[in-house]
Amino acid sequence: MKKLLLLLLVPLLMGQAKPATQAKPVLVPDVSQRDIEIAYSFTGAELLLFGAILYPGGRLPDDDKPTDIVVVVKGPVQSILVREKEKVAGIWVNAARLRYRSAPSFYAIASSRPVASLVDERTQAIYELGLNSLQLSPASSAPTEEQDRFARGLVDLKRRSGLYFEAPGAVEITDGVLYRARVTIPARVPVGRFTAETFLIRDGRVLAAATRDIDIRKSGFERFVARSADRWSFTYGLTAVALSILFGWTAGWVARRF
Amino acid sequence: MDIYLPIANLSVNALVIVLLGGGVGLLSGMFGVGGGFLTTPLLIVYGIPPTVAAASAASQVTGASVSGVFAHIRRGGVDTKMGGVLVAGGLVGSLFGGWLFKLLQASGQIDTVIAIVYVLMLGSIGGLMAKESWTAIHASRTGAPPRPRKRRHHPLVAALPLRTRFYRSGLYISPLAPLLLGFFVGILTILLGIGGGFILVPAMLYLLGMTTQVVVGTSLFQTLFVTAMATMVHATTTKAVDIVLAALLLLGSVAGAQVGARFATKVKPEYLRLALAIIVLLVAFRIGLGLGWRPDEIYSVELS
């Protein structure tokens with residue numbers, strides 16, 4: 001019985017012993033908005049991601065290796081189908097296609113320095129740091145070069161519509177303990193749960209990571225319309241028809257008066 | 001003034017959409033067409049997803065045709081029996097069109113098919129209209145008496161069985177001919193988001209041989225019902241009708257249509273037809289170029 005108790009205590013004791021030998025900093029992140037509501041005038045949102053780095057004992061590391069912060073904001077994953085146009089008999093038509101099971105609908109990465117200079121490719125792939133390291137999970141056995149071509153096409157398309165972007169140098173670190181970054185969320189993002197991940201990187205290694213959730217949803221009238229169109233589609237259609245008849249009839253009536 | 005479209009999931013400048021609707025409405029009032037053939041491509045150019053554009057443009061055509069239908073009914077310019085047959089064909093056609101739309105969407109060729117149908121339809125109708133109005137203008141300039149056109153329906157139409165009388169249209173033909181015509185226009189309404197007036201009017205004149213006085217009114221009558229049906233089909237199948245977008249378009253177009261209708265009474269009809277033919281040909285030419293030119297986007301993404 002005593003032995004068993006001692007065994008149970010072992011991990012506790014180890015946990016206590018850890019900070020003394022292997023001091024790891026802790027991240028305390030936050031975002032300016034936990035909920036973003038899409039209303040009629042929504043043209044996008046600007047998120048401020050900020051937080052503090054807590055070093056054990058409150059002391060900054062005294063070596064001259066720089067500390068870097070990387071912030072990644074990800075939208076809900078979507079199952080998507082990417083089509084590629086090709087010229088067939090003189091006209092451009094959709095030819096090849098590739099399905100992705102879980103591509104992020106939005107992806108923004110801000111860092112204090114270019115990510116490629118902070119960590120190696122393997123670490124980038126593990127933590128999905130950077131547009132070239134996204135885990136898109138293509139649902140096909142197409143040859144690697146074709147998959148790469150599609151991935152480049154997808155990332156390029158999303159980047160130009162403002163849904164994917166990289167902002168090296170956008171994270172500011174003040175006095176080695178406070179950091180902040182601004183990320184712009186465009187109006188055409190889908191609704192759902194977004195995550196803001198913060199990574200602390202030193203000497204090519206990710207020392208700490210923390211996550212905060214952000215909920216983006218339609219509110220008020222916009223939510224009502226989107227929900228009606230989905231759930232009561234017949235009534236919604238009738239309303240649209242009635243609206244157009246009313247508009248047309250009113251205009252005719254007004255025009256006959258004047 | 002930016003406004004968020006809840007179904008298209010993006011924000012647009014409300015003023016631009018209202019003005020776009022107004023411009024199309026002006027043309028539709030002037031030429032007596034729905035104007036859907038302009039709205040859908042213009043919305044796509046502005047960045048609205050094609051499905052949402054086609055689905056919401058249909059309700060704009062409904063609004064534009066309402067006041068016209070009432071005006072023509074008061075003047076006795078609607079053959080309701082002929083209109084009813086066309087509508088019946090149109091309703092079946094729009095259901096079939098909805099099925100076709102889904103099929104093409106799944107195969108990924110919907111955009112190409114829409115573009116090709118546009119080029120063929122607009123190109124041929126625009127060409128015919130340009131030729132006809134040019135001859136009319138030329139004839140009135142030189143003072144030559146216009147050749148009286150024989151008002152006769154196409155021999156194929158005459159061969160169909162089950163003849164019945166359409167008194168207002170002055171016809172004794174089989175209802176199968178307008179039924180098929182309505183069916184065909186119904187498919188186009190769903191696929192392209194157009195009212196089909198610019199196909200229906202020449203077909204009624206040259207294929208069925210209807211009396212000119214009831215052609216425009218009956219065409220509008222058919223357009224009203226079939227575009228309303230198209231909105232319903234889109235609302236229940238593709239769920240792509242954006243009521244905010246439709247309201248903005250309507251706001252502009254119904255006002256524009258009234259202004260256009262007043263303007264139309266001051267200009268000679270053959271000049272109007274020539275102007276419309278040129279616009280139609282230009283749109284067809286632009287879409288045709290888009291098919292052959294390397295597109296801006298090689299890749300496209302859709303949810304699956």
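**Reading a predicted two-chain model**

Modeller: This is a predicted model, and chain B averages a pLDDT of 81, with 92% of the residues scoring at least 70.

Biologist: Where in chain B is confidence lowest, and where is it highest?

Modeller: Where pLDDT is low, the predicted coordinates should not be read in detail. In chain B the lowest mean, 67, belongs to helix α6 (residues 155–158), whereas helix α4 (residues 80–107) has the highest, at 87. For the complex, the predictor gives an ipTM of 0.81 and a pTM of 0.77.

Biologist: How many residues does each chain bring to the contact, and which element of chain A gives the most?

Modeller: Chain A brings 48 residues and chain B brings 49. On the side of chain A that touches chain B, β5 (77–88), β6 (91–104), α3 (144–160), α4 (220–231) and α5 (233–257) each supply at least two residues, and α5(A) gives the most, with 16. That side of chain A divides into 26 nonpolar, 13 polar and 9 charged residues.

Biologist: Which strand of chain B is joined to β5(A), and by how many bridges?

Modeller: The partner is strand β5 (residues 299–303) of chain B, which runs antiparallel to β5(A) and is joined to it by 5 bridges; within this pairing, Val82(A) has Val301(B) as its bridge partner.

Conventions: Residues are numbered from 1 along each chain as its sequence is written. Chains are lettered from A and ligands numbered from 1 in the order in which they are written. This is a predicted model: local features need pLDDT of at least 70, side-chain atom pairs count only at pLDDT 80 or more; totals for chains, interfaces and linings use all residues. Two residues are in contact if their C-beta atoms, placed from the backbone, lie within 7 Å. Helices (H or I, at least four residues) and strands (E, at least two) are DSSP runs, numbered from the N terminus. Ala, Val, Leu, Ile, Met, Phe, Trp, Tyr, Cys and Pro count as nonpolar, Asp, Glu, Lys and Arg as charged, and the others, Gly among them, as polar. Two strands pair if DSSP finds at least two bridges between them. pLDDT is the predictor's confidence in each residue, from 0 to 100.
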